[in-house]
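Please consult the sequence and structure shown here while reading.

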Amino acid sequence: MNRSPEERRARVVLVDDHRMFRAGVQAEIGRTEETGVEVVGEAGDVDQAITVIKAAKPDVVLLDVHLPGGGGVEVLRRGTELMSAGQQPVRFLALSVSDAAEDVIGVIRGGARGYVTKTITGTDLVDAIFRVSDGDAVFSPRLAGFVLDAFASSEAPPVDEDLDRLTQREREVLRLIARGYAYKEVGKELFISVKTVESHVSAVLRKLQLSNRHELTRWATARRLV
């Protein structure tokens, strides 16, 4: 996507706990003269995110759902006043590996203007940034249905005590394993080592009292997590 220097710009802060992923996104969208996007700050956890966002006052924050310190929802909670900052509100666009309904609904309820997955292309992400900056809502295919269903229902989703035992990272690993990903593929998707993947899988099996990945897949499928 090429933009002339006279065209409007979007100032962006990247919030993700994986430094390599942030570097990749910046390389993809941060060529300001071509994309119109200027990356003005980065953060890897909730506290750092709030500090950077308040200092940089960006147009859009690309926000990962799962972060140390409380996750994307906590960033949104602590950044509420920034979203209603008069004529220059900060808009939040979730950018996550997760496409689980509870993650999508959680950040949208928290005030995010959209939710896209990390499979998005650089060109589409730039487009999403400008649309969110303009106040539009942007979603990856099929995710909008989660939001419509959630807001159409007045009932709160039931609490799953088993799922609540898992950390956010363990849930990410669980979903990918249940979808048939090999450990190496999970590691590549989440920017973690195979050994770390194995540790997370062992923890998930122990907490859920399951014996193997086949039982794990059935458990996740029954809860519509896949």
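Predicted model: local features only at pLDDT ≥ 70, side-chain atom pairs only at ≥ 80, totals over all residues.

The UniProt record, an unreviewed entry, assigns the feature "modified residue: 4-aspartylphosphate" to Asp64.

**Asp64**
- Asp64 has a relative accessible area of 3% and therefore counts as buried, the cut-off being under 20%.
- Beyond its neighbours within four places in sequence, Asp64 is in contact with Val15, Asp16, Asp17, Gly72, Leu95, Ser96 and Lys118.

**Thr117**
- Thr117 belongs to strand β5, which covers residues 114-117.
- With a relative accessibility of 12%, Thr117 is buried.
- The side chains of Thr117 and Thr119 are joined by a polar contact of 2.9 Å.
- Neighbours within four places in sequence aside, Thr117 contacts Leu95, Ser96, Ser98, Asp99, Ser140 and Leu143.
- Leu95 and Ser96 are among the contacts of Thr117, and both are also among those of Asp64.

**Val97**
- Val97 sits in the loop between β4 (91-96) and α6 (101-110).
- The relative accessible area of Val97 is 14%, so this residue is classed as buried.
- Residues up to four places away in sequence not counted, Val97 touches Lys118, Glu172, Glu189 and Leu190.
- Lys118, in contact with Val97, is also in contact with Asp64.
- The C-alpha atoms of Val97 and Val116 lie 8.7 Å apart in space, with a separation of 19 residues in sequence.

**Cavities**
- The structure contains 3 cavities of 30 Å³ or more.
- The largest cavity holds about 60 Å³ of space.
- Its lining consists of Leu14, Val15, Asp16, Phe21, Arg22, Val25, Leu62, Leu63, Asp64 and Leu95; β1 (10-15), α1 (19-29) and β3 are the elements that each give two or more residues to this lining.
- Helix α1 provides the largest share of the lining of the largest cavity, with 3 residues.
- By class, the lining of the largest cavity comprises 7 nonpolar, no polar and 3 charged residues.

Technical notes
Residues numbered from 1 in each chain as written. Heavy atoms only, no water. Helix = DSSP H or I, 4+ residues; strand = E, 2+ residues; numbered from the N terminus. Buried < 20%, exposed > 50% of the residue type's maximum accessible area, 1.4 Å probe, protein only. Contact = heavy atoms within 4.5 Å. UniProt positions renumbered as here; feature names shortened; annotations may be inferred. Polar contact = N/O pair within 3.5 Å; in protein donor to acceptor, adjacent residues only side chain to side chain. 1 Å grid on protein atoms, 1.4 Å probe; cavity = no way out; pocket = protein on both sides within 12 Å on 5 of 7 lines; lining within 4 Å. Points joined across faces, edges and corners; volume = space filled by probe spheres on them. Nonpolar A, V, L, I, M, F, W, Y, C, P; charged D, E, K, R; others polar.
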